[in-house]
Amino acid sequence: MCIRDRKRTGSIKITDESNKRHTLLQKEEDKWFVCQSTSRKFLANKSRVLNLIENLEKLKLEAVISTKPEEHFKYGVSTANCVLVKIDERTPEILIGKTGPDAQSFYARFKGKDDVYLARGFAKYILTRRDDFYRDRVIAKIQMDDVKSFKISDDKKVYSVEKSSAAWIFKGPKPKNFDDILSRILNINGFGFADDEKFTEKITIEIKTKDGRTHIWYLGEKKQTFYLAKRPDREDIFKITTATGDKITEFLEEYGKANLK
């Protein structure tokens with residue numbers, strides 16, 4: 001009912017009036033973005049957006065419960081206490097209200113219309129998620145077998161190692177926590193975002209893969225309960241765990257050599 005053509009869907013706007021939350025998802029070519037303003041947008045997790053679309057496709061309006069405008073607030077479908085959903089510009093905006101007589105139902109109406117429907121088809125809570133839920137949190141996701149070399153450096157020290165065929169070529173003994181550090185560096189997600197923080201690059205992580213690409217991300221300052229991290233190709237400032245940030249910092253401090261650049 002909300003979505004008529006999944007492939008042509010290009011934007012989803014959800015406004016939770018009760019909690020004063022707004023989520024705007026927009027598609028550009030084959031990517032989705034979470035847009036917080038006209039100039040501020042962040043890459044979205046495509047699978048989560050598609051899951052939202054699949055749910056909205058299941059919306060079914062059943063019996064008309066009321067035709068009286070004065071009862072809109074009662075059913076949670078007034079513009080003051082509803083969740084508004086707008087799909088593109090070509091579809092009517094729909095207002096999602098209170099839970100119905102059973103946990104799988106709720107009330108809904110079209111904006112500008114008086115009829116209130118009993119509706120069902122998806123769990124209503126999916127419309128009250130924060131926009132952060134839809135953002136892509138991947139900092140690095142690289143298969144171990146695809147790595148050709150990696151380097152960790154700051155202004156004072158650098159540690160680098162390369163692979164020949166299937167074996168790493170170490171200059172000296174293999175670091176005792178090498179496998180753990182490499183695994184953390186190659187597969188790391190942010191657990192949240194700190195986009196309003198000032199980001200200062202402290203450590204640079206550089207990974208080269210067999211396909212000739214170079215993957216870079218930065219470890220930033222340590223805060224009370226997390227580290228900041230950033231990719232040079234994205235606007236996001238990620239939060240990563242202190243455990244991971246501490247291990248990377250300690251590894252470079254223990255095994256790094258003087259950075260002569």
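Ala, Val, Leu, Ile, Met, Phe, Trp, Tyr, Cys and Pro count as nonpolar, Asp, Glu, Lys and Arg as charged, and the others, Gly among them, as polar. With that, the second largest pocket has a lining of eight nonpolar, three polar and three charged residues. The model on screen is a predicted one.

**Stop 1: the second largest pocket.** Select Y159, S160, K171, Y255 and K257, which lie nearest the centre of this pocket among its 14 lining residues. The space here comes to about 270 Å³. Next colour β12 (157-164) and α3 (242-255), each of which supplies at least two lining residues. β12 gives the most, with four residues.

**Stop 2: the largest pocket.** Move to K141, I142, R213, H215 and R231, the closest to the centre of the largest pocket out of the 21 residues that line it. Its volume is about 380 Å³.

**Stop 3: R213.** Keep R213 selected and show the loop between β16 (203-209) and β17 (214-222), where R213 is found. Show the side chain of D211 as well: a polar contact of 2.9 Å joins it to the side chain of R213. Beyond its neighbours within four places in sequence, R213 is in contact with I207 and K208.

**Stop 4: the cavity.** The structure holds one cavity of 30 Å³ or more. To find the largest cavity, select I14, D16, R21, H22, T23, L127, T128 and R129, which line it. β1 (11-16) and β2 (21-28) are the elements that give two or more residues to this lining, and β2 gives the most, with three. The lining has two nonpolar, three polar and three charged residues. About 30 Å³ of space lies inside.

**Stop 5: S78.** Go to the loop between β5 (60-66) and β6 (83-87) and pick S78. Is S78 buried or exposed? It is buried, because its relative accessible area is 12% and the cut-off for buried is under 20%. Leaving aside neighbours within four places in sequence, S78 is in contact with H72, F73, L95 and R109.

**Stop 6: helix α2.** Finish at residues 178-186, helix α2, and select F178, I181, L182, I185 and L186, which are buried. These residues are on the same side of α2, because they cover an arc of only 125 degrees around the axis. An α-helix has 3.6 residues a turn, so residues three or four places apart point the same way.

Terms used: Residues numbered from 1 in each chain as written. Predicted model: local features only at pLDDT ≥ 70, side-chain atom pairs only at ≥ 80, totals over all residues. Heavy atoms only, no water. Buried < 20%, exposed > 50% of the residue type's maximum accessible area, 1.4 Å probe, protein only. Arc of directions from axis to C-beta. Contact = heavy atoms within 4.5 Å. 1 Å grid on protein atoms, 1.4 Å probe; cavity = no way out; pocket = protein on both sides within 12 Å on 5 of 7 lines; lining within 4 Å. Points joined across faces, edges and corners; volume = space filled by probe spheres on them. Polar contact = N/O pair within 3.5 Å; in protein donor to acceptor, adjacent residues only side chain to side chain.
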